[in-house]
Amino acid sequence: MQVVDTVTIATESGTGAICVTVAGVGEHRSAHVLLLVVHPGRRGRGTGRALVRAAERWAADRGLGELHVGGAVPFSLFTGIDTR
């Protein structure tokens, strides 16, 4: 699978970030979350949700209708992380 584009989106305050990549060839491209981090003191306040929404917009701007989280080797989260 060929990586076509990658971005890291962070909050203005630096309390969280999400890294997303687009991989595939031609029309067979898909977006994958590589990493989502939120400072422990900011968890439970919608920071992660806002980052995922920003990543969804970024993917949609590239003509992709889905954003995958884990489960797509080699684009999966760290071992032991529940991706549901």
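Ser30 of strand S3 is the residue that stands opposite Ala23. That pair sits in a predicted model, where local features need pLDDT of at least 70, side-chain atom pairs count only at pLDDT 80 or more, and totals for chains, interfaces and linings use all residues. Residues are numbered from 1 along each chain as its sequence is written, and side-chain values use heavy atoms, with hydrogens and water left out. The protein has 1 helix and 4 strands. Helices (H or I, at least four residues) and strands (E, at least two) are DSSP runs, numbered from the N terminus. Along the sequence, the pattern reads β-β-β-α-β.

**Confidence**

- The average pLDDT of the protein is 82, where pLDDT is the predictor's confidence in each residue, from 0 to 100.
- A score of at least 70 is reached by 81% of the residues.
- Among the elements, helix H1 (residues 47-61) has the highest mean pLDDT, 94.
- Strand S4 (residues 67-69) has the lowest mean among the elements, 85.
- Where pLDDT is low, the predicted coordinates should not be read in detail.

**Strand pairing**

- Strands S1 and S2 pair in the antiparallel sense, over 7 bridges; two strands pair if DSSP finds at least two bridges between them.
- Asp5 has Val22 in S2 as its bridge partner.
- S1 and S2 make a hairpin with 5 residues between them.
- Gly14 lies in that turn and has a positive phi of about 80°.
- Strand S2 (residues 16-25) also pairs with strand S3 (residues 28-38), in the antiparallel sense over 10 bridges.
- S3 and S4 run parallel and are joined by 3 bridges.
- Val33 stands opposite Val69 in S4.
- From S3 the chain crosses through H1 to S4, a right-handed β-α-β crossover.
- Right-handed means that, with the strands pointing away from the viewer, the path from the first strand over the helix to the second runs clockwise.

**Burial and core**

- The protein has 84 residues, and 33% of them are buried.
- Buried means under 20% relative accessible area, exposed over 50%, and partly exposed in between (1.4 Å probe, protein chains only).
- S2 is largely enclosed by the rest of the structure, because 9 of its 10 residues are buried.
- The largest nonpolar core holds 15 residues.
- Such a core is a set of buried Ala, Val, Leu, Ile, Met, Phe, Trp, Tyr and Cys residues joined through side-chain atoms within 4.5 Å.
- Ile9, Ile18, Val20, Ala31, Ala55, Trp58 and Leu67 touch the most other members of this core.
- S1, S2, S3 and H1 each supply at least two residues of this core.
- H1 gives the largest share of this core, 5 residues.
- Setting aside residues up to four places away in sequence, Ala55 touches Ile9, Ile18, Val20 and Leu67; contact means heavy atoms within 4.5 Å.

**Contacts across the chain**

- Take the contacts with a separation of 6 or more: 42% of them are between residues 24 or more positions apart.
- Gln2 lies in the segment before S1.
- Leaving out residues up to four places away in sequence, Gln2 touches Val22, Ala23, Gly24 and Val25.
- Gln2 and Arg29 are 27 residues apart along the chain, and their C-alpha atoms are separated by 9.0 Å.
- Thr11 sits in the loop between strand S1 (3-10) and S2.
- Beyond its neighbours within four places in sequence, Thr11 contacts Gly16, Thr47 and Leu51.
- Thr11 and Leu51 are 40 residues apart in sequence, yet 7.6 Å apart in space, C-alpha to C-alpha.
- His68 belongs to strand S4.
- His68 counts as partly exposed because its relative accessibility is 29%.
- Apart from neighbours within four places in sequence, His68 is in contact with Ser30, Ala31, His32 and Val33.
- From His68 to Val33 is 35 residues in sequence and 6.2 Å in space, C-alpha to C-alpha.

**Surface**

- The accessible surface of the protein comes to about 5,600 Å².
- Carbon and sulfur atoms own 52% of that surface.
- Accessible areas come from the Shrake-Rupley method with a 1.4 Å probe; for residues, only the protein chains shown count as cover.
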